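Please read them with the sequence and the coordinates open beside you.

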Amino acid sequence: MRIGVLTGGGDCPGLNAVIRAVVRKGIKAHGWEIVGFRNGWQGPIENLTKEIGLADVEEILTRGGTILGSSRTNPYKVEGGVDRIRETIAANNIDAIIAIGGEDTLGVAKRLTDDGIGVVGVPKTIDNDLGATDYTFGFDTAVHIATEAIDRLRTTAESHHRALVVEVMGRHAGWIALHSGLAGGANVILVPERPFNVDKVVGWVERRFESEFAPIIVVAEGAIPEGGAEMLHSGERDAFGHVRLGGVGQWLAEEIADRTGKESRAAILGHIQRGGTPTAYDRVLATRFGLHAVDAVAAGDFGTMVALRGTDIVRVKLSEATAELKTVPTERYEEAEVFFGA
């Protein structure tokens, strides 16, 4: 068999670990040939391929990003996109595709499966917002990076007696904000799932100042004030209809300064959260996902995604995985509220 593999959407730590596992098991256990498609779904549309052998994956386990490149290409928004994928598959004698990505990449995988193309999905996103899996790889690394940033910012906040607002990624789900905020001892955590009251935030900040400590506020990029709207970095939309978010951290820092008279600063972590070497947890999870994705292909179980349930790797339907985003439930957010203003 000849198996295609691609990485789509935003990059994240652990992608190379999946590729390595697919290549190692595919070649050693099954004698398959592995073909990498470059730049996400753009690869099979434009026949951008790269043969991947054992030597190509020898030193990639610890590397961030992806050796195959990525993009936010949507074949269903490209004229003749699906037909061109069929032509590429036929020209390269591809028997199946392993697609590594988040909701958009795997949404395409689901539609391609419905259109008769054999695809197995691997869940990747630092936002941890894919349904049907307890965790996605990349999330643990992003939380570690954000937590370290909060730890470092706390020392400068205390030194200058100022409020510091830390903006982390999280378009519709606040998992990074929740986990890094709890781990970093934040005094306020704001997530997209719960519109926030600016007066309450200011009250928590003032209470923290009254205790003679500097407040740390962690806010997800998609968090919105009550009665407000998402703050856009750009109104331009990508191939999946997403706009670029950003700016809520700076806006909130200015509001806090105006209302309290205290010095306030914003730190926007942005793509720093996506970069660098993956944590040990993400390396292991990504590797296990890759190994089990090969098993799914060997079994001809297309239209599925490998998922983490407890400590087990299972297969779920792509339709289940992409049906709805996994967002922070109310009870999880309420656990963190005891620390607000403290």
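The points below go from the overall fold to single elements and residues.

1. Basis of the comments. This is a predicted model, in which local features need pLDDT of at least 70 and side-chain atom pairs count only at pLDDT 80 or more, whereas totals for chains, interfaces and linings use all residues. Residues are numbered from 1 along each chain as its sequence is written, and side-chain values use heavy atoms, with hydrogens and water left out.

2. Overall build. The protein has eleven helices and 13 strands, where helices (H or I, at least four residues) and strands (E, at least two) are DSSP runs numbered from the N terminus. The radius of gyration, taken over C-alpha atoms, is compared with a globule rule of 2.2 Å times the number of residues to the power 0.38; for 342 residues a compact globule would have a value near 20 Å, and the 21 Å of the protein agrees with this. Along its principal axes the C-alpha trace spans about 70 × 40 × 30 Å.

3. Buried residues make up 55% of the 342 residues, with buried meaning under 20% relative accessible area, exposed over 50% and partly exposed in between (1.4 Å probe, protein chains only). Of the contacts (heavy atoms within 4.5 Å) with a separation of 6 or more, 75% are between residues 24 or more positions apart.

4. An open sheet is formed by four strands in the order 7-8-6-11, with parallel pairing; two strands pair if DSSP finds at least two bridges between them. Strand 7 (188-190) and strand 11 (264-268) are the edge strands, each pairing on one side only. Neighbouring strands of this sheet are turned by 15 degrees against each other on average, direction ignored. Strand 6 (residues 163-168) pairs with strand 11 over five bridges in the parallel sense, and Glu-167 has Ile-268 as its bridge partner in strand 11.

5. Helices on that sheet. Helix 5 (residues 139-160) lies across strand 6, strand 8 (216-220) and strand 11, and runs at about 165 degrees to strand 6; axes are lines fitted to C-alpha atoms, for helices over the stretch in contact, and angles run from 0 to 180 degrees between N-to-C directions. Helix 8 (residues 248-260) also packs on the sheet, where it touches strand 6, strand 7, strand 8 and strand 11, and its direction makes about 165 degrees with that of strand 6.

6. Leu-153 lies in helix 5 and is buried, with a relative accessible area of 17%. Its contacts, leaving aside neighbours within four places in sequence, are with Leu-164, Val-166 and Ala-267.

7. Helix 3. Which residues of helix 3 (residues 81-91) are buried? They are Gly-81, Val-82, Ile-85, Thr-88 and Ile-89, and because they cover an arc of only 115 degrees around the axis, they are on the same side of helix 3; the arc is that of the directions from the helix axis to the C-beta atoms. Glu-87, Ala-90 and Ala-91, on the other side of helix 3, are exposed. The cover over the buried residues includes strand 2 (33-37), helix 2 (42-46), strand 4 (96-101) and helix 4 (103-114). Asn-93, which follows helix 3, has a positive phi near 55 degrees.

8. Asn-128 is found in the loop between strand 5 (119-123) and helix 5, and its phi is near 60 degrees, a positive value in a residue other than glycine. Ala-132 lies in the loop between strand 5 and helix 5 as well, with a positive phi near 75 degrees. Asn-128 is buried at a relative accessible area of 2%, and Ala-132 is buried at 19%.

9. An annotated position. UniProt, in an unreviewed entry, lists Gly-10 for "binding site"; UniProt positions are given in the numbering used here, feature names are shortened, and annotations may be inferred rather than shown by experiment. Gly-10 is found in the loop between strand 1 (2-7) and helix 1 (15-30) and is buried, with a relative accessible area of 11%. Leaving aside neighbours within four places in sequence, Gly-10 is in contact with Arg-72, Lys-124 and Arg-274.
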